Amino acid sequence: MKLLLVGLALAATLAVLSACSGESSGKSKGNGTATEAKREPVAEKDPVEKKGPVATTEPVAEKDPVAKNDPVPKKEPVAEKEGSSPAAAALPKTLAEWKAKLTKEQYDVLRLKGTERAFTGAHWNNHDAGIYRCAGCDETVFNSTDKFDSGTGWPSFTRPAKDGVIASEEDQSHGMVRSEVHCARCGGHMGHVFTDGPKPTGLRYCINSVSLKFEKSQKE
Ligand SMILES: [Zn+2]
C-alpha cells in the first residue's frame with residue numbers, strides 16, 4: 001500500500017510538474033509567437049531598407065548634374081591636346097578628319113588605297129631635282145635622285161628616301177599578290193613595290209602622284 005501511495009504521490013507531482021511545464025511552455029510559445037509576430041514587422045522593415053537603395057536612386061538622379069559636369073572637364077583635355085601638342089594634333093586620327101584635311105583624290109588613294117589612272121598624275125614625268133613628301137603628313141618619303149622612268153605612267157623610285165619611312169604589307173587584292181607600300185608615319189597608301197626595278201636595288205616603287213607632294217630643290 002505504501003508503494004501505491006508513493007506512486008500516486010509521484011504521479012500527482014508529475015501531473016503538477018507537467019501542468020506547470022505545460023503552462024510554462026504555453027507561455028513560452030505565446031512569447032515565441034509574439035516575438036515572431038514582432039519579427040515579421042522587422043522582416044517588413046527589410047523591404048523598407050530595400051527601399052532605401054531605391055531612395056539612393058534619387059541621389060543617382062542628383063548625379064545627373066554631376067554627369068552634366070563631366071562633359072565640361074572632358075572638353076578641357078581636348079583643348080589641352082589641341083594646344084599642348086600641335087605636332088601630334090597635326091595628324092588626323094579618324095577617316096572623317098582625314099577627309100576634311102585631304103582633297104578627294106588624295107583621300108581616295110591615301111586612306112582608301114585607291115589608284116590614280118596611269119599618265120594622269122602630276123609627277124610621273126617630273127624630272128626636276130627635289131624631294132617627294134607624303135601628301136598626308138609631309139614626311140620625306142622619296143628623293144628625285146632615286147626616281148627613274150619606268151614607262152608605267154606612275155612615278156617610280158628604286159628606294160625610299162630613308163630606311164623606315166616606307167612600310168609595306170602583302171596585298172592580295174585584284175587577284176594579285178603584291179607588296180603594298182605606305183607612309184610609315186601616317187599610314188597613307190603610296191602604291192606598290194615590285195622586284196623588277198633597275199640597279200642598284202632591283203626594286204620598283206610604283207607610287208601614286210597624288211600621294212606625293214614635290215618640293216623642288218632650291219640649290220638648282
Ligand atoms: Zn604620311
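In which sense do β1 and β9 pair, parallel or antiparallel, and over how many bridges?

Modeller: Happy to. β1 and β9 pair in the antiparallel sense, over five bridges. Two strands count as paired here if DSSP finds at least two bridges between them. Helices (H or I, at least four residues) and strands (E, at least two) are DSSP runs, numbered from the N terminus.

Two points on the ground rules. Residues are numbered from 1 along each chain as its sequence is written. This is a predicted model, in which local features need pLDDT of at least 70 and side-chain atom pairs count only at pLDDT 80 or more, while totals for chains, interfaces and linings use all residues.

On confidence, pLDDT is the predictor's confidence in each residue, from 0 to 100. The protein averages 74, and 59% of the residues score at least 70. Over residues 1–85 the pLDDT is below 50, and this stretch has two contacts in the model beyond near neighbours in sequence. A contact means that the C-beta atoms of two residues, placed from the backbone, lie within 7 Å.

Back to your pair. One place to look is cysteine 134, whose bridge partner in β9 is leucine 212. The pair belongs to an open sheet of three strands, ordered β2-β1-β9, with antiparallel pairing. β2 and β9 are at its edges, each with a single partner strand, so one side of each has no neighbour in the sheet. On average, neighbouring strands of this sheet are turned by 30° against each other, direction ignored; the axes behind that angle are lines fitted to C-alpha atoms (for helices, over the stretch in contact), and angles run from 0 to 180 degrees between N-to-C directions.

Is serine 211 buried or exposed? Serine 211 is buried, because 27 other C-beta atoms lie within 10 Å; the cut-offs are 20 or more such atoms for buried, 12 or fewer for exposed and partly exposed in between, with C-beta atoms placed from the backbone. Leaving aside residues up to four places away in sequence, serine 211 touches Val109, Leu110, Cys134, Ala135, Gly188, His189, Met190 and Gly191. Serine 211 and glycine 188 are 23 residues apart in sequence, and their C-alpha atoms are 7.6 Å apart in space.

Those contacts lead us to the core. A nonpolar core is a set of buried Ala, Val, Leu, Ile, Met, Phe, Trp, Tyr and Cys residues joined through C-beta atoms within 7 Å. The largest one has 22 residues, and those with the most contacts inside it are Val141, Met190, Tyr205 and Ile207. Two or more residues each come from α5 (104–110), β1 (130–134), β2 (140–143), β6 (178–183), β7 (189–194) and β8. Among the contacts of valine 141 are Tyr132, Cys134, Ile166, Cys183 and Met190.

Six strands make it up, in the order β3-β4-β8-β7-β6-β5, with antiparallel pairing. Its edge strands are β3 (147–148) and β5, each pairing on one side only. Strand β4 (residues 156–157) is joined to β8 by two bridges, and phenylalanine 157 has tyrosine 205 as its bridge partner in β8. β5 and β6 run antiparallel and are joined by six bridges; glutamate 170, for example, has serine 179 as its bridge partner in β6.

β5 and β6 also form a hairpin with six residues between them, and histidine 174 in the turn has a positive phi of about 60°. Histidine 174 counts as exposed because it has 7 C-beta neighbours inside 10 Å. Lysine 113, in the loop between α5 and β1, also has a positive phi, near 60°. With 16 C-beta neighbours inside 10 Å, lysine 113 counts as partly exposed. One more backbone feature worth a glance is the cis peptide bond joining lysine 199 and proline 200, with omega about 10°; proline 200 is in the loop between β7 and β8.

Stepping back, the protein has five helices and nine strands. Of its 220 residues, 19% count as buried. Among contacts with a separation of 6 or more, 54% join residues 24 or more positions apart.
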